[in-house]
Amino acid sequence: MPTGSTPPPPPEYTGTHSRELTALRGEHTATRMTGAMGLPATEGTHTLIAPLEAGELPNVAAIRGLRLDQLLLLTTGAMVIIIVGLLAALSAKTTESQLTEASDRFTQRLQSQARELGQTVSHTLALTSATSLRDNNYAFLTEVARSIIADNRNILRVQMFDADSQLVADSDPAAKLGSSGGRTAERRWASAFFNGQPVFEFQEPLDYGAQAGKGVVVISYSLEELQKQLHELEEANHAAVRANTLRIVGLGLGFVVLAGVLAAYQSRRITKPLGVLTHRVMQLAAGDLGARAGTAPGAGREVTTLGVVFNHMAERIKVLLEDVRAKAQLEREVSLARTVQETLLPGREAVTVGPLRLAGLVVPADACGGDWWFRAALDDRRVVIGIGDVTGHGLSTSLVATSATSGFASAMTLREPSQVHAQMLITALNVTLANVGRGEHQMSSALAVIDVYNGQIDYAAGGHPAAAVFNRTTGQMASLPARGPLLGANVASEFTSRQAQLRPGDIVVWYTDGLTEARDGTNRLYGTQRLAAALQANAHLPADALRDALLADVRAYSAGQPQRDDITVIVAEFSPAPSP
């Protein structure tokens with residue numbers, strides 16, 4: 001950039017210049033972001049997590065339902081009753097089945113004995129009656145039949161038929177002898193009725209030597225005694241079933257009572273520690289962080305484990321609450337640090353000093369940033385501009401940046417304005433940072449002293465990107481290169497300054513590496529070439545609008561990606577009125 005001198009400013013600048021410089025000296029407006037650039041708002045931070053406080057506890061008294069011990073008692077009792085009932089029913093059924101089977105066997109045995117007796121009597125009678133029947137001595141046969149009835153109360157009737165199936169003898173006085181009986185001469189037995197009573201009829205062939213064939217003896221054996229015995233047996237069976245059922249029911253009731261007592265005892269043993277644990281939980285919910293659950297021997301491994309876990313959880317809640325409170329306190333301190341930093345930084349509004357218009361802004365990556373910039377009137381014709389980037393970002397870097405800004409301002413006030421120049425300012429800033437950071441923090445910085453009348457600029461830098469310069473009239477790009485080490489590394493570091501001449505239409509852009517090192521989705525850097533293209537494309541805008549356009553462009557480039565570093569942009573627009 002060509003150097004030289006410029007005629008003194010025209011008289012029309014004199015009337016307003018001193019007032020603008022005075023305003024520049026006293027302005028310390030907190031930097032704020034707006035949505036106009038598409039950038040996230042960074043207004044004063046608030047406490048993100050407040051200390052935990054006990055809110056209104058739920059009305060547990062309104063919870064309806066059975067208690068756990070009642071549920072255990074009811075379910076255990078119901079289960080025992082069902083099991084005992086099923087066992088009683090199964091036992092009764094089994095007993096009844098066994099008794100029925102025994103009764104059937106007994107009945108079959110009685111019937112078999114009755115048949116054998118009947119068959120024996122009928123066979124004997126057939127043998128002894130053959131002669132009388134052959135001699136036609138029917139009266140004797142009738143007497144024999146009646147004597148048999150008299151001697152055996154289970155034999156109700158005795159009949160004899162000849163070979164022609166004619167009734168020849170009958171123990172029943174009402175019987176009509178000589179009638180046809182329709183009997184066949186064969187041995188058999190069958191069920192029948194006599195005088196309304198069930199009987200077994202035993203039939204035995206009677207061989208008395210007749211040419212027509214054999215006769216038949218029929219004995220009707222009464223089943224009354226058999227039925228009586230069977231009835232008695234059935235009554236005995238029912239009595240046995242009832243007695244067995246009563247025994248089982250009594251035993252079941254005893255089991256129910258015993259199970260109820262055991263269930264009540266065990267449920268109380270289990271639910272009592274749960275009740276205590278519930279009370280401790282309510283205490284913890286009410287804010288009593290000292291609430292702890294005691295040991296619960298015999299309550300079961302799960303209840304014991306629950307108590308141990310609750311105690312561990314209570315300890316963790318206490319620790320976490322302390323952490324939350326500490327974090328809340330830290331956030332309040334960060335908020336205070338941010339407020340202090342914003343107070344020391346110039347505002348986002350552009351300031352015009354004669355033909356020079358200045359606008360800058362810091363966009364921190366965190367609540368507090370490590371970037372800073374400064375503008376102030378040195379005297380009635382010179383303006384000082386400073387920019388810096390402390391390594392890293394966060395609270396510690398913001399404190400270092402705040403100290404650097406304060407040191408920068410102090411360096412200006414401790415010297416006469418005529419003795420202040422870029423080399424002295426950057427040297428003083430290096431000493432301040434080295435003493436504050438103690439070698440743990442370093443900073444890149446660029447300083448410039450501009451004469452607003454003639455456009456002469458005295459600048460110095462330490463490890464900072466060179467400012468970009470674009471001339472609206474010629475469309476040429478240039479820079480303000482300056483070399484120097486990072487500030488804060490060594491108190492004895494040496495810095496040099498350089499001079500240049502601003503031309504009408506020149507736009508100077510200072511920035512921190514957070515702008516050029518912003519990355520897109522493919523991890524590519526924004527870079528200085530894109531910055532130059534954005535500067536050329538928006539050079540027609542005034543200083544504050546150009547600054548916002550540059551920030552919006554880098555924001556659009558890295559859309560969707562987190563901001564990794566603080567970004568600072570300062571735009572100086574030199575537009576003196578043309579000479580007459």
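Colleague: Is Gln456 buried, partly exposed or exposed?

Modeller: Buried means under 20% relative accessible area, exposed over 50%, and partly exposed in between, with a 1.4 Å probe and protein chains only. Gln456 has a relative accessible area of 34%, so this residue is partly exposed. Gln456 is found in strand β11 (residues 456-462); helices (H or I, at least four residues) and strands (E, at least two) are DSSP runs, numbered from the N terminus. Gln456 and Gln499 are 43 residues apart in sequence, with 7.3 Å between their C-alpha atoms.

Colleague: On what basis are such values given?

Modeller: This is a predicted model, in which local features need pLDDT of at least 70 and side-chain atom pairs count only at pLDDT 80 or more, while totals for chains, interfaces and linings use all residues. Residues are numbered from 1 along each chain as its sequence is written, and side-chain values use heavy atoms, with hydrogens and water left out.

Colleague: How many aromatic pairs does the structure hold?

Modeller: A pair of aromatic rings is described by the distance of the centres and the angle of the planes. Rings of Phe, Tyr and Trp (its six-membered ring) pair if their centres lie within 6.5 Å; planes under 30 degrees apart count as stacked, over 60 as edge-to-face and the rest as tilted. The structure holds 3 such pairs. In one of them, Phe202 and Tyr221 have ring centres 6.3 Å apart and planes at 80°, so the pair is edge-to-face. Phe202 lies in strand β4 (residues 197-210) and Tyr221 in strand β5 (residues 213-222), so the pair ties together parts 19 residues apart in sequence. Phe202 is buried at 1%, and Tyr221 is buried at 9%. Tyr526 and Tyr557 also form an edge-to-face pair, at 5.5 Å centre to centre and 80° between the planes. Here Tyr526 is in the loop between α8 and α9, and Tyr557 is in helix α10, 31 residues apart. Ring pairs also link Phe200, Phe202 and Tyr221 into a cluster.

Colleague: Which residues of α10 are buried?

Modeller: An α-helix has 3.6 residues a turn, so residues three or four places apart point the same way. In α10, the buried residues include Ala543, Leu546, Leu550, Val554 and Tyr557. Among the elements that cover the buried residues of α10 are β7 (356-363), α9 (527-537) and β16 (567-574). Helix α10 (residues 543-557) has 15 residues and reaches 21 Å from its first C-alpha to its last, close to the 21 Å expected at 1.5 Å a residue; the expected span is 1.5 Å times one less than the number of residues.

Definitions and conventions:
Contact means heavy atoms within 4.5 Å.
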